[in-house]
Amino acid sequence: MEGAQENPAESSSSVPGSQEPTGSARGPEVLPPKESEGCARPLEAAPKKLCGYLSKFGGKGPIRGWKSRWFFYDERRCHLYYSRTAQDANPLDSIDLSSAVFDCKADAEEGTFEIKTPSRTITLKAATKQVMLYWLQQLQMKRWEFHNSPPAPPAAPDAALAGNGPALHLELEQEEMELEEFLCPVKTPTGLVGVAAALQPVPAMALGLQNISLKHLGTEIQNTVYNIRGNKQTQGTGHRPPGEDSPLSEEPQREEHPSAPDLRTPGKDPADSPKPIPKSSLTTNLIQKAKRQSNTFPLFTEGLTRHRTTQEKVLALEQQVLMLTEELKAQKELVKILHKALEAAQQEKRVSSAYLAAAEDKDRLELVRHKVRQIMELGRRVEALEQERESLVQTASLREQQVQELQQHVQLLMDKNQAKQQVICKLSEKVTQDFMHPPHRPPAPPEAADRDLLSQQEKMEHLKDDMEAYRTQNRFLNSEIHQVTKIWRKVAEKEKALLTKCAYLQAKNCQVESKYLAGLRRLQEATGVEAGECSELLRQLIQEALQWDAGEASADSIVLSPISEYDEYGFLTVPNYEVEDLRLLAKIQALEVHSHHLLAHEAMERPLRERWAALGELAPSAELKQLMRAGVPHDHRPRVWKWLVRLRVRHLQAPGRYQELLSQGQACKHPAARQIELDLNRTFPNNKHFTCPTSSFPDKLRRVLLAFSWQNPTIGYCQGLNRLAAIALLVLDEEESAFWCLVAIVETIMPADYYSKTLLASQVDQRVLQDLLSEKLPKLMAHLGQCHVDLSFITFNWLLVVFADSLISNILLQVWDAFLYEGTKVVFRYALAIFKYNEEEILRLQDGLEIYQYLRFFTKTICNSRKLRSIAFNDMNPFPMKQLRQLRTAHRERLEAELHELEQLKMSWHPQYRSSKFRHVFGKPASKENCYDSVPITRSVHDNHFCAVNPHFIAVVTECAGGGAFLVIPLHQTGKLDPHYPKVCGHRGNVLDVKWNPFNDFEIASCSEDATIKIWDIPKQLLAKNLTAYKKELVGHARRVGLVEWHPTAANILFSSGYDYKTA
C-alpha cells in the first residue's frame, strides 16, 4: 500500500463512501493476488471496499435482458451505485439500501437475488452462488452499519464519531455474531469482488449494444468521451522509459479536474472533493491511467498505484485492450445509429433550404408536390406495415391457441405423470415389503440391480442439493427477517422520541403564543384611549392573532397536532364571541388547553390508556374509582357510561320501554312538547351537531325528551334537561342509551324534587354549597360578603345541569365520568375546586359588579384539568358523604319552614282598596301575531330602561354572551323573532340604556357597563347582519354609565349619568 501512504490526500478523493468515519467497523479488505505483500500498514486498518461486477436485469423491448454492471457501495449515503464498467467516471444510477430488503429464491437461476426498495425491485445475478451469498451478507452488514452509525455534523465528522467508535464497534460485532447464528460467514471470492475485480475483463454480452443503457444515454456518452480522452493522453505519454517521471503528463491532469467537477463523486459538491496531488515515481501507462482515474473513481486510490512487475503490466494491458475493443464495438454501433439520425436531419435541412432558395412559386410548388409524394409513399408503407402487423397479430393469436393446446397437452401429461408416480409409489411400497419379507424367487441380473442403485443414488444427490439450497435460503431469510425487525424497532423508538420532542416543542409554542396574546390584552387595557396610534396598532395585532389558525399554516410546515376548529365531540374550540376581548380570552384559553394536553399526553394519558386497556370486566372497586376520577379515554367512554347507567336503572329498565313511550308520544301530544321545541334551538349553540341544519341530533334529542316526559309525568320537562340529554347523546350516540342516562341522573343520582316545579332540592343544594364554601374557603366568602355578591346567581345553573354550560368539553366529561360513578358529591367537590382555582383572581376584584362580570365567564378560563382534579379530590378533603346528608336535611327543613311561612303570609294578606264588584274588563286583547314573541330581554339593566320606541323601530336590550347588544326591530315586524336576528353590538359590557334621537328616527344612543356611550346610525333598509361600526363613541366616565337622554328641543345634545357620580 505504498501509493496510499505516499499520497493520503489522493487516496481520500472518491465518490460517496470512500471516506469512512473513524471507528466504523472494518472488514477484511479485498485485494488482488500478491498485492498485500507491499502493504506498509496492518490489513485490519485498510479501508473496506464492496464492489464488483454483477448482472442486472433490465431494459425494454428487444434489448431487455441481463446487462453487466459494475457495482460499488457508498458508505456515507448507504447507496449502491452502478456503472457499465469500472473505469466509468459517472455512475448510471444508484439503489437506496437504507430502506431496502434482500431476497433470494431457491428455485431461481443460480446466483440470482433481489433488492426490494419501496419504489422498485432490482433483480441481480452473481457469477456463482458463493458470490451471491457474499454480496447479500455484505449488503446486510452495510445496511446495519448505516442504521447504527450516529449522524455526524458537517464539521469535523471524525471527531464527532471518535467517541462513539468503541460502542459502535461492539454493536456491530454483536450483530455479526447474531447473524452467524443464522448463516455462516461466506469467504471472500478471490478476484470476483473488491478492487481485484476491476482488473478482470468486463463480462462479454451477446450483443455489444445490449450492454448500453439507453435510459442513461447522456451519462454513457459522457463516460465514453472521458475514457477516450484518457486513452489519448495515455498513448501520448506511454513510451517513456520506466522509472522516469513525466512532468508533462501532470499538467493536463491538473487542468482536467476543475473542468468537470460534476463528473466526480455523485451527490457530492465540487467544493467538498479534495484536490488531487500528483504522484511521483509513476512510470508505466497503466499507473498513469490508474492515477488519472483515481480522481473520479474510489476503487483506484490504492490498488493500482503501486509498482508492478513486467508480467503484471503486460497482463493488465492485454485486459485493457480486450475491454477497449469491446467498448469500441459498442461505440461503433452507437455511432452508426447517430449517423443515420444525422443524415435524416441533414436531408430534411437540404429540402427546407431548397424550398426557401427557390426563385419562383412553381419550383416551390414542385418541391411541395415532391414532399406530398413522399408523404403518400410513407403512408403506403405505413399501411403495409399495418397489414403486416395485423397478420402478425393473427399469427400470434394462432400461436396462442397452439400454446393453449400445448398447455392442455402438458397438463394431460402431468396428470399422466402423477398417475405414474402414484403407481411408482405403490410399487416402491411393494418393493419395500418384498425387501422386508423377500419371496422365494430366482435372483435378478446384477446389471439391472446396478442400474437401479445408480438411479436411486442420483435421485438422492438431487434431493440433497435441493435440501441444501432451501436450507441456505431459509437461513438467509431468517437473518434478513431478524435484522429488518431490529432496524424497524430502532426506527420506531427514534420516531417515538421525535414525536415526544415535537409534542413538547409544540406545547411550548402554544404557551408562548398564549402569553403573547395575554400581553397584548394587558397592554391594550393599560393604554386605554391615551394613545390613538398605539391603540390602533394593538387592535391590528389582536385581529391578526385572532384570525391566524394552525390549520392555515403552509403545506411545507409540519404540524404535529394542530388546534382544530371543533373538538372530538363537536364543540367549538374557540367560541365565536361578539366582543373582541372575549374572543381574545377564548383564543388564549384554547392555546393553554392545547399546551396542557400535549404536555400531559406522554405523562398521563398514555399510561391511563394502557391501564384502561388492561382493565378487564367492569366491577365496582377502588381501582375503578381512581380511574373514573382521572377520566375515561375517548375510546372507552361509551362502553363505561352504558355500564354505569345500566347499574343504576336496572330496576327501572324493561325491554321495549323506550319504544313504548315514543308510541305514546305519537298518539297524544304532551303539554311540555311546545317548551321542548323552544329549547331545542337553545341547546349548545357552540356545538356543530346541534346547529347544523342537516344534523340528526336535534331530532334524537326531541324524541329523548318527549319519552322522558311520559316516563316521569311528575316532572314532565324542566329547562336544563335538554342539556343533560344532549351530553348523553354526544357520548353514547344512541337514543335509547341517552334516554336511560337521563333517567339515571334525574331519578337515581339527583335528590327528589331537584327538577320539580318548585326546584326545592336545587335551592337546598345552593345553601349547602354556601356552607361548604364558608368552611373550605372562608377568606373568599368573607370577600364576597363584603362586596354583597350572591353566588346562587352563578352556581344555581352549575348544579342544575352539572356544569354543562360552564366548563370546556374535555374537563366537563371528566367531571361527568366521576359524577356517574360516585354521585352528587362530585358536583360539590368540583364547585369548590373551581372557586379555589380562581380564588386569587376573585380576591383582586373589589367591585361587586366586576365580580359578577368575572364570574359569568371565569369557568371557561380553566384549562389545567389535572390541577382542577387535584384540588377537587385532594385539597377539599375531608369531604364525607355523611356531612353532605346532614347539611341537606337541615337546610331542607329550614327551607320548607320558610316556604310554609311565606305561604301563610300570602294567604293572610288583604288589599287596602275595595275590590270591584265587576269581574270583567271591556276591551280586545292583542293576538299573538300582533306581539313581539321570543325576544331575549336582558336581565342586567336593573332599574334602567331596557327598550325604546320611535315611529319606525323598537329597540330592546337583549341577553348576549360576552358583551352587550340590543335589537332594533321594525314596528310592523311582529310575531316570533328569528333567534339569529341581527343585533347592534360593540360594547364590551352589558348595555344599560338606549334612547332614540328625537330629531332623527334612524339614530340611537346606547350606554354600557364599559363606561362608554355609542351613537349608531340604523340603515333604512334594515339590518342584514350584526352592526358593529358605530357613528360616534363618547368617553369620559370612569365607571359604568346607567342613563342616557337626548335634549328634547335642541339637536345633537346628549345627557348621561354614570356610577362615578358624574354627569356629562
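**Group meeting: one serine, then the rings**

Let me start with Ser98, which lies in the loop between strands β4 (93-96) and β5 (101-103). Strands here are DSSP runs of E with at least two residues, helices are runs of H or I with at least four, and both are numbered from the N terminus. This is a predicted model, so local features need pLDDT of at least 70 and side-chain atom pairs count only at pLDDT 80 or more, while totals for chains, interfaces and linings use all residues. Residues are numbered from 1 along each chain as its sequence is written, and side-chain values use heavy atoms, with hydrogens and water left out.

Is Ser98 buried or exposed? Ser98 is buried, at a relative accessible area of 18%. Buried means under 20%, exposed over 50%, and partly exposed in between, with a 1.4 Å probe and protein chains only. The side chain of Ser98 has a polar contact of 2.8 Å with that of Asp96. Such a contact is a pair of N or O atoms within 3.5 Å; within protein, one must be able to donate a hydrogen and the other to accept it, and residues adjacent in sequence count only if both atoms are side-chain atoms. Leaving aside residues up to four places away in sequence, Ser98 touches Cys78, Arg143, Phe146 and His147, where contact means heavy atoms within 4.5 Å.

Now the rings. Rings of Phe, Tyr and Trp (its six-membered ring) pair if their centres lie within 6.5 Å; planes under 30 degrees apart are stacked, over 60 edge-to-face, and the rest tilted. That rule gives 23 aromatic pairs. One of them is Trp641 with Trp816, stacked at 5.9 Å centre to centre and 20° between the planes. Trp641 is in helix α16 (residues 637-649) and Trp816 in helix α26 (residues 809-822), so this pair links parts of the chain 175 residues apart. Trp641 has a relative accessible area of 0%, and Trp816 also has 0%.

Phe690 and Phe697 are edge-to-face, because their planes are at 70°, with centres 5.7 Å apart. Both are buried. Ring pairs also join Trp798, Phe803, Phe835, Tyr854 and Phe858 into a cluster.

Which ring does the charged end of Lys867 sit over? That of Tyr837, 4.6 Å from its centre. The test is NZ of Lys or CZ of Arg within 6 Å of the ring centre and within 35 degrees of the ring normal.

Last, the whole protein chain. The chain has 31 helices and 19 strands, and buried residues make up 43% of its 1064 residues.
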